[in-house]
Amino acid sequence: MKFDDFDRQMRIYEESLDQYILPDMYLVARLDGRSFTKLTKEICQFEAPFDVRFRDYMVETVKYLMGCGFRIVYGFTESDEISLLFHAKDNTFGRKVRKINSTLAGEASAVFSLKLGQAATFDCRVIPLPNLERVADYFIWRQEDAHRNSLNSHCYWALRKEGVGQGQATAMLEGKTVSFKNELLFQKGINYNDLPNWQKRGIGVYFQDSIKEGYNPATKETVQTTRRELTVNYELMLGKEYGEWVAAFANIP
């Protein structure tokens, strides 16, 4: 059999499960660290519940992903997850799900491992969203998840640091209200409202134009140029205002 005929015959099997995101759908990709609880608490022994070094590794990974070949216009990270919003007109790999997932997971795993100094892996899922309202809702949802995780983590580790066992600490928080958890922290000298916003709201990364001054030796004049640079925002807004602000990035010129 000629190679071309053989190739066509076998590619049917390779591509049998391929899926594509329709061109009129908005696109978000979410990456999650694999076994990061063990990695951060047992192997690397990062400070609990939040460690600035780990935060910075996640931010650097987001920044890298935003320049790795896709037209990604907004990145969000909280805990061990990353959400990436694609521009509405991005058509990298023809929007083939398999290629997007494998490429982003591979890129994230590689750059985070280099920052960490040992192997770490991410998985990736593509999330098609039908309109900008759902794009806004998605990022509001992930920010709410950041708040929930933050409050639970601070409560859990406040108990653990007092000698409460893992299972008992988990049971003590199971089904408890937000007000109960805030009061628990307050009784231990922690005002949750005073904690850094990046721990409660997550971190945003996006491109922003900035004006730079330079010197033109030919004309001997000071000149201004506009550069597009990545901005890291540790003080994100909340709720509907935040969601609408993020969704607007999908259709920027």
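Helices (H or I, at least four residues) and strands (E, at least two) are DSSP runs, numbered from the N terminus. The structure described here is a predicted model, in which local features need pLDDT of at least 70 and side-chain atom pairs count only at pLDDT 80 or more, while totals for chains, interfaces and linings use all residues. Residues are numbered from 1 along each chain as its sequence is written, and side-chain values use heavy atoms, with hydrogens and water left out.

The loops come first. Pro 49 lies in the loop between H2 and H3. A cis peptide bond joins Ala 48 to Pro 49, with omega at about 5°. Ser 35 is placed in the loop between S1 and H2. Its phi is near 55°, a positive value in a residue other than glycine. Arg 95 sits in the loop between S3 and H4. The phi of Arg 95 is also positive, near 65°, and this residue is not glycine. Arg 95 is buried, with a relative accessible area of 3%. Buried means under 20% relative accessible area, exposed means over 50%, and partly exposed lies in between (1.4 Å probe, protein chains only).

The next topic is the interior. A nonpolar core is a set of buried Ala, Val, Leu, Ile, Met, Phe, Trp, Tyr and Cys residues joined through side-chain atoms within 4.5 Å. The largest such core has 30 residues. Those with the most contacts inside this core are Leu 31, Leu 84, Phe 86, Leu 104 and Phe 112. At least two core residues come from each of strand S1 (26–33), helix H2 (36–43), helix H3 (52–65), strand S3 (81–86), helix H4 (97–116) and strand S4 (122–129). H4 provides the largest share, seven residues. Apart from this core lies another, of 19 residues, including Leu 85, Tyr 242, Val 246 and Ala 250.

Contact means heavy atoms within 4.5 Å. With neighbours within four places in sequence left aside, Leu 104 is in contact with Ala 29, Leu 31, Leu 65, Cys 68, Phe 70, Ile 72, Leu 84, Phe 86 and Cys 124.

Helix H4 can be followed along its length. H4 has 20 residues and reaches 28 Å from its first C-alpha to its last. This is close to the 28 Å expected at 1.5 Å a residue, where the expected span is 1.5 Å times one less than the number of residues. Among the buried residues of H4 are Val 97, Ile 100, Leu 104, Ala 108 and Phe 112. The buried residues of this helix pack against S1, H2, H3, S2, S3 and S4. Asn 101 lies in H4. Asn 101 is buried too, at a relative accessible area of 17%. Beyond its neighbours within four places in sequence, Asn 101 is in contact with Cys 124, Arg 125 and Val 126. Gly 117 follows H4, and its phi is positive, near 90°.

Tyr 242 lies in helix H9 (residues 239–247). Its relative accessibility is 0%, so Tyr 242 counts as buried. Tyr 242 and Ile 140 are 102 residues apart in sequence, yet 7.0 Å apart in space, C-alpha to C-alpha. Neighbours within four places aside, Tyr 242 is in contact with Tyr 74, Phe 76, Phe 139, Ile 140, Gln 143, Leu 236 and Met 237.

Pockets were then located. On a 1 Å grid over the protein atoms alone, a pocket is an open set of points where a 1.4 Å probe fits, with protein on both sides within 12 Å along at least five of seven lines; lining residues have an atom within 4 Å of a point. A volume is the space filled by probe spheres set on the points, which are joined across faces, edges and corners. The largest pocket has a volume of about 970 Å³. Of its 36 lining residues, the closest to the centre are Lys 41, Pro 49, Ser 79, Ser 153 and Trp 157. H5 gives the most to this lining, with eight residues. The lining divides into 13 nonpolar, twelve polar and eleven charged residues. Ala, Val, Leu, Ile, Met, Phe, Trp, Tyr, Cys and Pro count as nonpolar, Asp, Glu, Lys and Arg as charged, and the others, Gly among them, as polar.

The second largest pocket has a volume of about 160 Å³. Gln 143, Glu 144, His 147, Tyr 192, Asn 193, Lys 200, Arg 201 and Leu 238 line this pocket. H5 gives the most here, with three residues.
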